[in-house]
Every structure is written in structure tokens, then in C-alpha cells.
Amino acid sequence: MKGAPPRRAAIFRQANIADLIILTPFAIPVVSDYYLALWRILSEAIAPGRPLGTFAPDAMLFVNLTGAFAVLAVVLRIKLGSPQAAWMTVVFKLFATTIFAVALLRGASPVFAVPLVADLAVGILLVASSRKD
């Protein structure tokens, strides 16, 4: 991130690389099927009685579209590499945290607590790094 203190730039870079690694499989139709199978295994390990559900072909279309748009947003944030891009990352992370929290309150698989905590932590780290600099 141009002109940013090293700590903030490192958090920004790591958050975006992690997003690419985690979100890219959702954008690729065949890969997303296997990737969701891994999430189902993780879900079963976290909460044996509450597995992650399966998705119909129409729902998988939305998984792939959402994954593609999420990857595009990450690529754009990396390309911008500005303080505004860092704040966009914070907004996206807090928005995702809210969506995961609502899903959990509605009875979704506890596996969604994993990305909830990760996104919340990254959002807090980015805000904290901006306040210290």
C-alpha cells in the first residue's frame, strides 16, 4: 500500500492474499463443489449434529457469482493499494461479519463462526493500525 506505514501495509496485503486464497475456489464452478465438501467436513468436525447443508444447482450459481464478485473486489483493492482501499477492506470485513452473525442467529452451521472471527479480527487490526500511525 503506497505511503502507508509498514505494519498497516502488511496487514492490508495479508488480508487481501488470504481473501484471494479463501474466496477464489467459490468463483470456479467445478472447484467450488469440492471446496464446499471440505467446508462440510469442517462443519461436521465442529458441530457433528449440525452439518452444512447442500446447495441446489441454482444456489451454486449464486455461490459462483458471489465468489467471482468477491475476488474481483479483492483484486481491485490490491490494484488501488490506497488508504481508501484499506478502509474498503474494513467495511467489507465488518459487513461480512454482520452477515455471518445473522446467519448464525438464524441457525446456520457453526462453521460460519470461523470466517466471522477471522473477518472481525482483520477489520479490527486494520482499524487499530490506522489509529496508531
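Helices here are DSSP runs of H or I with at least four residues, numbered from the N terminus. I note at the outset that the model is predicted.

**Entry 1: serine 129**

I looked up serine 129 and found its place in helix H5, which covers residues 113–132. I next checked the side chain of serine 129 and found one of its polar atoms 2.9 Å from the backbone oxygen of leucine 126. Leaving aside residues up to four places away in sequence, I listed Arg7, Arg8 and Ile11 as the residues that serine 129 touches.

**Entry 2: H1 and H4**

I turned to helix H1 (residues 6–27) and helix H4 (residues 83–105), which pack at an angle of about 50° with their axes 11 Å apart. The two helices are therefore oblique to each other. I noted their crossing as left-handed. From H1, Arg8, Phe12, Asn16 and Asp19 meet Pro83, Ala85, Ala86, Trp87, Thr89 and Lys93 of H4. I sorted the residues of this contact into 5 nonpolar, 2 polar and 3 charged. Arg8 belongs to this contact and also touches serine 129.

**Entry 3: H2 and H3**

I examined helix H2 (residues 29–46) against helix H3 (residues 57–80) and found an angle of about 105°, with the axes 10 Å apart. H2 and H3 are therefore roughly perpendicular to each other. On the H2 side I recorded Pro29, Ser32, Asp33 and Leu36, and on the H3 side Met60, Val63 and Asn64. The residues of this contact comprise 4 nonpolar, 2 polar and 1 charged.

How values were computed:
Residues numbered from 1 in each chain as written. Predicted model: local features only at pLDDT ≥ 70, side-chain atom pairs only at ≥ 80, totals over all residues. Heavy atoms only, no water. Axes fitted to C-alpha atoms, helices over the stretch in contact; angles between N-to-C directions. Parallel < 35°, antiparallel > 145°, perpendicular 65-115°, else oblique. Contact = heavy atoms within 4.5 Å. Nonpolar A, V, L, I, M, F, W, Y, C, P; charged D, E, K, R; others polar. Left-handed = near helix turned anticlockwise from the far one by under 90°. Polar contact = N/O pair within 3.5 Å; in protein donor to acceptor, adjacent residues only side chain to side chain.
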